[in-house]
Amino acid sequence: MSKPPVPNQDVENFLATVRATKPPASVSEEPHRILFALDATASRDPTWDLAMSLHAELFQAVADEGASSTQVAVQLVYYRGYNEFHASPWSTSPASLLQHMTGVACRGGMSQIGRVLGHTLAESKRAPVKAAVFVGDACEEPPGVVNAAAGRLALFKVPLFVFQEGHDPIAAQVFRSIARITGGAHAPFTPGSADQLRALFGAVARYAAHGRDGVREIDHDVARGLLAQLPR
């Protein structure tokens with residue numbers, strides 16, 4: 001009967017090293033996606049400039065503990081003019097998003113909120129979208145059409161955060177409805193208020209990364225207003 005082979009010392013040393021080595025930390029390769037949609041019709045110039053100055057807030061999702069290795073990716077979507085509709089590539093860089101925004105000039109036109117919702121649905125079918133943001137001041141489309149588009153988006157569990165500039169009561173009614181249908185939130189903000197818009201953008205970023213608990217940690221009235229609307 002033959003003797004069992006004597007283990008090679010080099011192999012034994014290698015296996016001992018492997019056993020003593022800690023596995024690499026788990027890294028999520030999929031970023032948290034936030035779709036960022038803006039009305040770029042003629043009345044929107046001041047707010048567009050304000051959004052550009054605050055856009056980096058959408059990337060500040062893990063500033064508190066810095067423990068998450070997952071990035072935030074943002075896609076810029078906007079409409080303007082006669083049936084113009086644009087969507088940028090997904091980006092994990094605030095500088096890249098700013099580059100897309102600085103090349104845009106607002107032009108007169110009608111709202112295309114239904115198209116924004118349809119595009120968000122198409123993107124969510126390709127890869128999960130954690131949240132969508134829409135910043136606008138008017139809705140000139142039939143409410144039933146927009147609500148139906150929101151209902152289709154709700155099937156993919158993409159909450160829509162609608163930030164309304166001004167106090168148009170017709171727009172407010174539609175905006176509240178589509179936010180509720182999708183499980184998101186509606187918040188009006190004062191034209192030109194950087195503080196309010198910064199807090200709203202930050203709340204969405206925190207929601208995308210940490211859910212309701214992330215929004216709860218923001219000490220700002222507008223964040224608390226959003227939290228009260230989010231489903232439990």
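Residues 24 or more positions apart account for 76% of the contacts in this protein with a separation of 6 or more, a contact being heavy atoms within 4.5 Å. The model is predicted, so local features need pLDDT of at least 70 and side-chain atom pairs count only at pLDDT 80 or more, while totals for chains, interfaces and linings use all residues. Residues are numbered from 1 along each chain as its sequence is written, and side-chain values use heavy atoms, leaving out hydrogens and water.

The secondary structure comes to 9 helices and 6 strands; these are DSSP runs numbered from the N terminus, with helices (H or I) of at least four residues and strands (E) of at least two. Of the 232 residues, 50% count as buried, where buried means under 20% relative accessible area, exposed over 50%, and partly exposed in between, with a 1.4 Å probe and protein chains only.

Let us look at two helix pairs. Their axes are lines fitted to C-alpha atoms over the stretch in contact, and angles run from 0 to 180 degrees between N-to-C directions.

| Helix pair | Axes come within | Crossing angle |
|---|---|---|
| H4 (residues 113-126) and H5 (residues 143-154) | 9 Å | roughly 15° |
| H2 (residues 45-54) and H7 (residues 194-210) | 10 Å | roughly 55° |

The angle between H4 and H5 makes them roughly parallel, whereas H2 and H7 are oblique to each other. Here, angles under 35 degrees count as roughly parallel, over 145 as roughly antiparallel, 65 to 115 as roughly perpendicular and the rest as oblique. H4 passes H5 in a left-handed crossing, and H2 passes H7 in a right-handed one. Left-handed means that the near helix is turned anticlockwise from the far one by less than a right angle, and right-handed that it is turned clockwise.

On the H4 side, the residues that meet H5 include Leu117 and Leu121, and their partners in H5 include Val146 and Leu153. By class, this contact has 7 nonpolar, 3 polar and 1 charged residues. In the other pair, Leu50, Ala51 and Leu54 of H2 meet Ala194, Leu197, Arg198 and Phe201 of H7. That contact has 6 nonpolar, no polar and 1 charged residues. Nonpolar covers Ala, Val, Leu, Ile, Met, Phe, Trp, Tyr, Cys and Pro, charged covers Asp, Glu, Lys and Arg, and the others, Gly among them, are polar.

Two loop residues are also worth a visit. Asn83, in the loop between strand S2 (72-80) and strand S3 (84-87), has a positive phi near 65° and is exposed at 52% relative accessible area. Lys157 lies in the loop between H5 and strand S5 (160-165); its phi is about 55° although it is not a glycine, and it counts as exposed at 69% relative accessibility.
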